Amino acid sequence: MLVRDKVVVVTGAASGIGRGLALRFAEEGAAGVVVADLDEAGAAAVAKVIGDRAAPVRADVSSESDVAALVDTPFGPVDLFCSNAGIIDGRGLDATDQDWNSLFSVNLMAHVYAARAAVPSMVARGGGYLLNTCSAAGLLGCPGDAPYAVTKAAAIAFAEWVAVHYAPKGVKVSVLCPQGVRTAMLEHGIETGHPTAKAVHAAGAILDPAAVATAVIDGLAAERFHIFPHPEVADLARRKAEDPDRWLATMAHFTAGLM
């Protein structure tokens, strides 16, 4: 997947990783970039930077109708749908049903809505690509935030399902799984002592969104399912798979230190 001359949708594109992706796709020569976000003014600001090849759209990704509307672009059919928007809660067993439902709606169901909206047209046209931002937490877990860890793991499982069923029909899938990225969400979490943010900060390098976007461009070109802006995540995932008991014991010790 080379982005040049492609039509791309990016959700959560007003800031952070989504903004970095939208700007980089434009630099790579995308034919059009739909800059979607609940923050309408932020989306418009990003689209203004890109210029005529961008269309800002206010979209609530927890709404299937909002997500479905994104594939009706002024640039033509969607070649690459980047389901990037995500939220974090920071709670454990005290998370309410509403907390769980909110994170499932954004961190999982938004990917389902994107696939429902984009895949049929992609199959009809002979191919297309889905990029889902799922976080290293979806592979490794994360201290402090049960709904976040669980919904990100579910998002990876859903992406695997789509890849298995639709690769023969020309639809490719990648999951973006970074650790620490310099975003407002992470910086706020560090300032407030959020356990998940503290864990991410302690785990390794904090990357700029532009560096994540570079990893995405490389991963899409290679059509890798897992895209790891932090290469060490691949090694950590292997360790977890090889010895789950040791992994859990190590994570328990690490988490106790954070608390």
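**View 1. Strands β1 and β2 of the predicted model run side by side in parallel.** Strand β1 (residues 7-11) and strand β2 (residues 32-37) are joined by 5 bridges, and valine 8 stands opposite valine 33 in β2. Helices (H or I, at least four residues) and strands (E, at least two) are DSSP runs, numbered from the N terminus, and two strands pair if DSSP finds at least two bridges between them. This is a predicted model, in which local features need pLDDT of at least 70 and side-chain atom pairs count only at pLDDT 80 or more, while totals for chains, interfaces and linings use all residues. Residues are numbered from 1 along each chain as its sequence is written, and side-chain values use heavy atoms, with hydrogens and water left out.

**View 2. An open sheet is formed by 7 strands with parallel pairing.** The strands follow the order β3-β2-β1-β4-β5-β6-β7, and the edge strands, β3 (54-58) and β7 (226-227), each pair on one side only.

**View 3. Asparagine 107 is a buried residue in helix α4.** The side chain of asparagine 107 reaches the backbone oxygen of isoleucine 87 at 2.9 Å.

**View 4. Three aromatic residues, Phe158, Trp161 and Tyr166, form one cluster.** Rings of Phe, Tyr and Trp (its six-membered ring) pair if their centres lie within 6.5 Å, and planes under 30 degrees apart count as stacked, over 60 as edge-to-face and the rest as tilted. By this rule the count comes to 3 aromatic pairs.

Key: Buried < 20%, exposed > 50% of the residue type's maximum accessible area, 1.4 Å probe, protein only. Polar contact = N/O pair within 3.5 Å; in protein donor to acceptor, adjacent residues only side chain to side chain.
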